Amino acid sequence: MAISVRQRDPVRDGTLEIEEYHPNFVCVYFVPPEWSLQAAGLDPKQAKKHRAKLLDINGQDRYLTIHPIGTFGDKPDFLKPKYRQVERITLADTNLVVPGYDEFFAPGGSVPTTPDGVLEMLEDLPSAFTKDYAYGLGLAKPYRFIVDAVEALSDCTEIVISGKEKTGPASNEKLFFISKHDFELARRAMNSIDNLAQTAARSVKETAAHNILAERLGVAKLEPKVGRHPYRKLFTTVAQGKTELSEDDQNAVIGALTNHAADIAEDQPEKLAKLKGDIELVTLEALIKRYEAMLGETLVEDRWQDFFNENPFILNMAFGYPIIKVRDQASVGGRKLSGNGEKITDFLVKNSLTNNTAIFEIKTPQTAVLNKTPFRDGVYTPSSDLSGSINQALDQKYQFQSHIAHIKHNSRISDLESYAVHCCLVIGKTPEGDDRKKSFELFRRNSKDVEIVTFDELLEKLKQLSLFLRAADDPINDVKSRGDRNG
């Protein structure tokens, strides 16, 4: 049996300590690594003093209690319970039949007494659980909603998954029992939702690709296959604003799909997910109105950075390939992304397929992109703000490539690559006048290392996407409108 899905590194991950309290009963403690203690402002030489309990393993009564904790020193929950209310999750009794459970205890009910033995046991946890102690254990992210539901429905601090008890809170204890049947039912339901969301995304991609080419060829477009999808009615209702959803309804919908929020935001843009603590659903039309209103104001860079951070989907409009955000305000010249390096980029993103990274610098729509007076007749030079911003992005790229090995190691992010770091600068508005437009295009099309996109271009891409989605959602009106345009 493999001990782990990845190679263990005590310096990076910390270590485990096992104490036997009585025969066949052990407690397992997490001893944080020195770097994590340093990040938390604690004495790195006092690691054992700051250890935190991870597991209670009882071989005689055949139960295992997990104490989910935060293990990252730069987070506020470091060495504290991972969840708001629930502090423990117990897998109880021999009749609990979930994948892997019967592997927990060796014949005779013996329990592991070494770190390697504990690691082997963790590998046999059910698929709904995090198996890497370096991430604090607990339920895996796609199943976090089970904990959220218990916290919303009770004041219990411990979840007990049992093959004998019925689902519900205990009468005189802070225990919330979930029957093994209901636990599996919830787990399968969430897996099914994820699969349905992926199916919907594939359908939209297929139809979008076909219809873009079909329109160029002057042939009929396809009706979106997502029309037969069970989420179609909900998506259409929200996107067209026919029926208002309460905030609770919005949170419930996006909560069920949060595991694929980024994919949905990219591939079905009639819904945009704000990837914050609580995810709320907004329509593309509402986002366009908000964007237009902000363009009419004079806002500082921080306001625009916050806007893109709340709506990272818009950053995809700057590229011709799918991206996902790695971090905003990322330190590209320090030891790790969350550090205090001298070079801070507004957004660090990566290609979701190749993991190649890209750097975003966000300025303001009021930033001039060309000088006011021509250099020669009909020729305008880039403004100092534009040229300075390009050099800023290039310097950030240089710093990131120079420190990538340390950043990946210290930030514990392995899926970042710096094959050819892409730089993107969002700045200003499209110049007015033919000569100014020509000068701007000549300059930016010859800027091979930094892609330059204006704020109004991003808005126009959102509007075109909205028109496409409305047409795809109503193919009859689309055929009619094309007939009207063709006379």
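Me: Phe307 and Phe308: buried or exposed?
Reply: In this predicted model, Phe307 is buried, and Phe308 is too.

Me: How many aromatic pairs turn up in the whole structure?
Reply: A search finds 10 aromatic pairs.

Me: What makes Phe72 and Tyr135 a pair, and what kind is it?
Reply: Their ring centres are 5.7 Å apart, and the limit for a pair is 6.5 Å. The planes sit at 55°. Stacked needs under 30 degrees and edge-to-face needs over 60, so this pair is tilted.

Me: Which parts does that pair tie together?
Reply: Phe72 is in the loop between β4 and β5, while Tyr135 is in the loop between α3 and α4, so the pair links parts 63 residues apart in sequence.

Me: Why does Phe72 get its accessibility label?
Reply: Its relative accessibility is 23%. Partly exposed covers the values between under 20% (buried) and over 50% (exposed), so Phe72 counts as partly exposed. Tyr135 gets that label as well, with 33%.

Me: Back to Phe307 and Phe308: what do we call their ring pair, and why?
Reply: The centres are 5.6 Å apart and the planes make 65°. Edge-to-face starts over 60 degrees, so that's the name for this pair. Ring pairs also join Phe307 and Phe308 with Tyr291, Trp304 and Phe455 in a cluster.

Me: How do you know whether Ile362 is buried or exposed?
Reply: Its relative accessible area is 0%, and buried means under 20%, so Ile362 is buried. Ile362 belongs to strand β13 (residues 356-362). Leaving aside neighbours within four places in sequence, its contacts include Trp304, Phe308 and Phe455.

Me: What about Glu361: buried or exposed?
Reply: Glu361, also in β13, has a relative accessible area of 2%, so it is buried. Its side chain makes a polar contact of 3.5 Å with the side chain of Gln392.

Me: What puts Arg376 over the ring of Phe375?
Reply: The charged end of Arg376 is 4.6 Å from the ring centre, and the distance limit is 6 Å.

Me: Which strands are at the edges of the eight-stranded open sheet?
Reply: The order is β1-β2-β3-β4-β5-β6-β8-β7, with mixed pairing. The edges are β1 (15-22) and β7 (168-169), as each of them pairs on one side only.

Me: Which way do β6 and β7 run relative to β8?
Reply: β6 and β8 run parallel, joined by five bridges. β7 and β8 are antiparallel, over two bridges. Pairing takes at least two bridges, so β7 and β8 qualify. Phe176 in β8 stands opposite Ile159 and is the bridge partner of Pro169.

Me: Why is β8 called largely enclosed?
Reply: Five of its five residues are buried, so the rest of the structure largely encloses it. Leu175, Phe177 and Ser179 are on one side, with Phe176 and Ile178 on the other, and both faces are covered.

Methods:
Residues numbered from 1 in each chain as written. Predicted model: local features only at pLDDT ≥ 70, side-chain atom pairs only at ≥ 80, totals over all residues. Heavy atoms only, no water. Helix = DSSP H or I, 4+ residues; strand = E, 2+ residues; numbered from the N terminus. Phe/Tyr/Trp six-rings, centres within 6.5 Å; stacked < 30°, edge-to-face > 60°. Buried < 20%, exposed > 50% of the residue type's maximum accessible area, 1.4 Å probe, protein only. Lys NZ or Arg CZ within 6 Å of the ring centre and 35° of its normal. Contact = heavy atoms within 4.5 Å. Polar contact = N/O pair within 3.5 Å; in protein donor to acceptor, adjacent residues only side chain to side chain.
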